[in-house]
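Please look over the sequence and the model first.

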Amino acid sequence: MKVTVFGVGYVGLVQGAVLAEVGHDVVCLDVDTNKIERLKQGHIPIYEPGLETLVRENHTTGRLNFTTDAAAGVKHGEVQFIAVGTPPDEDGSADLKYVLAVAETIALNMESHQIIIDKSTVPVGTADKVRTRMVEVLAQRGREDLSFDVVSNPEFLKEGSAVADCMRPDRIIIGTSSTDTEDVMRELYAPFNRNHEKIIIMDVRSAELTKYAANCMLATKISFMNEMANLAEKLGADIEMVRQGIGSDPRIGYHFIYAGAGYGGSCFPKDVQALIHTAESIDFEPTLLKAVELRNAEQKTVLFKKLNAHFKGNLQDKTFALWGLSFKPNTDDMREASSRVLMEALWEAGARVQAYDPEAMNETQRIYGNRPDLGLCGTKEAALQGADALIIVTEWQAFKAPDFEFIKQALNKPVIFDGRNLFDPERLGRKGIRYYSIGR
Ligand SMILES: NC(=O)c1ccc[n+]([C@@H]2O[C@H](COP(=O)([O-])OP(=O)(O)OC[C@H]3O[C@@H](n4cnc5c(N)ncnc54)[C@H](O)[C@@H]3O)[C@@H](O)[C@H]2O)c1
């Protein structure tokens with residue numbers, strides 16, 4: 001099938017590459033000329049395991065192409081994916097300007113029936129807004145004869161395993177009330193639906209809400225565990241034991257119940273905020289969602305509070321080794337990362353940071369530029385040299401079994417602040433390391 005994808009970010013690029021891999025003929029379109037030119041030359045703008053090979057191979061075979069030419073892009077596809085960003089507006093609502101700009105572009109350039117597939121995470125009612133905008137533009141063109149349908153098809157990929165998630169989705173949510181559109185969507189996704197039925201057909205508004213409900217549920221699990229962790233600390237309990245104790249209940253399960261330094265990323269924070277905004281706009285008080293967000297904002301300050309207490313409020317001119325900058329492992333994405341809240345608090349207190357991350361060094365440099373209180377180190381060992389403590393914010397595999405003797409020698413004093421509970425407190429105690437973690 002001929003497919004056009006608007007937006008070559010984490011979602012659009014991965015989706016485009018995966019659709020090309022199974023044989024569809026894909027054109028990815030973006031307004032960012034630089035990104036498109038680089039992609040044409042085989043440079044992948046983001047780090048995502050397996051993506052580089054997939055993009056290069058499919059680009060070489062001609063099944064995956066890149067353009068900034070809207071007319072050519074729209075002309076190519078029988079279906080048009082919208083996979084552009086929906087960042088939070090100042091009031092926390094999802095900003096739909098990119099989504100609606102794509103709707104306009106499609107309506108301006110389409111010459112035959114089109115199916116518009118909304119893959120971006122958008123508030124309930126967005127498909128209606130896309131439809132209205134397109135009808136307006138088609139009317140201005142005098143092309144009311146052209147028909148189209150808008151489908152909600154939210155994406156559930158996880159950064160860090162985006163390619164694998166798209167190749168083997170848990171479920172494929174399709175929001176449409178048209179049987180013709182359903183038929184086309186089933187054909188599009190047939191290669192991903194062979195093992196067992198994964199397609200769930202529903203009305204558009206339910207599909208739109210499903211995505212928010214999923215992310216808010218996951219954010220709730222994390223904030224719940226963080227609340228339990230803070231309680232455990234005060235009550236003399238160990239949240240890691242509690243986690244295993246409750247995870248063994250199949251109704252609860254082990255997934256997503258790790259306590260830590262708060263959730264970040266481009267999705268949970270903005271999606272929780274957007275659903276709060278949606279609820280309030282219809283006079284519904286989202287008590288639970290607000291608590292989830294509040295707990296998370298507080299949790300991002302927990303490591304700093306522990307540091308500040310350990311150093312008795314004197315962080316001026318201290319140097320801290322920081323392992324992990326991305327908001328989670330296996331990505332270079334630093335949007336809303338806990339590391340940023342921590343670094344900014346440390347700088348505010350007059351401290352210096354020596355940071356290392358396996359993939360997010362360029363992104364850190366892009367965000368913060370060159371500043372005297374930030375050293376970007378080439379290895380995790382280099383970050384330790386002469387530091388007053390080690391802080392771990394992201395649970396990359398490479399941090400899970402470090403050489404503790406080396407850490408002890410490299411640091412001024414053997415102190416570790418661990419925002420992801422990677423180590424056994426007793427074991428570290430025996431090694432003579434002062435160890436602070438979350439909820440233990
Ligand atoms: N990142 C994730 O893990 C993830 C997972 C599921 C869903 N989502 C949702 O998918 C959507 C996209 O997220 P992302 O992380 O891929 O965003 P992103 O910011 O990485 O990429 C968005 C891309 O859209 C491009 N763009 C903006 N306006 C455009 C236009 N008019 N025409 C063509 N391209 C345009 C931008 O230049 C950019 O390259 C969001 O709604 C997000 O909430 C993201």
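At what angle do α1 and helix α3 pack, and how far apart are their axes? α1 and α3 (residues 51-61) pack at an angle of about 55°, and their axes are 9 Å apart. The model is predicted: local features need pLDDT of at least 70, side-chain atom pairs count only at pLDDT 80 or more, and totals for chains, interfaces and linings use all residues. Residues are numbered from 1 along each chain as its sequence is written.

- Helices (H or I, at least four residues) and strands (E, at least two) are DSSP runs, numbered from the N terminus.
- Axes are lines fitted to C-alpha atoms, for helices over the stretch in contact, and angles run from 0 to 180 degrees between N-to-C directions.
- The angle of about 55° makes α1 oblique to α3, because angles under 35 degrees count as roughly parallel, over 145 as roughly antiparallel, 65 to 115 as roughly perpendicular and the rest as oblique.
- From α1, the contact takes in Leu13, Val14, Ala17, Ala20 and Glu21, and from α3 it takes in Leu51, Leu54, Val55 and Asn58; two residues are in contact if their C-beta atoms, placed from the backbone, lie within 7 Å.
- By type, the residues of this contact are seven nonpolar, one polar and one charged; Ala, Val, Leu, Ile, Met, Phe, Trp, Tyr, Cys and Pro count as nonpolar, Asp, Glu, Lys and Arg as charged, and the others, Gly among them, as polar.

**Shell around the ligand**

- The ligand is surrounded by 26 residues, and the closest are Gly7, Gly9, Val11, Ser120 and Thr121; a residue belongs here if its C-beta atom, placed from the backbone, lies within 6 Å of the molecule.
- Two or more residues of the shell come from each of α1 (10-21) and α5 (97-109).
- The shell divides into 13 nonpolar, eight polar and five charged residues.

**Ala107**

- Ala107 is found in helix α5.
- Ala107 is buried because 25 other C-beta atoms lie within 10 Å; the cut-offs are 20 or more for buried, 12 or fewer for exposed, and partly exposed in between, with C-beta atoms placed from the backbone.
- Not counting residues up to four places away in sequence, Ala107 touches Met134, Val137 and Leu138.

**Ala219**

- Ala219 lies in helix α9 (residues 204-235).
- Ala219 counts as buried, with 23 C-beta neighbours inside 10 Å.
- Between Ala219 and Pro269 there are 8.2 Å in space, C-alpha to C-alpha, although they are 50 residues apart in sequence.
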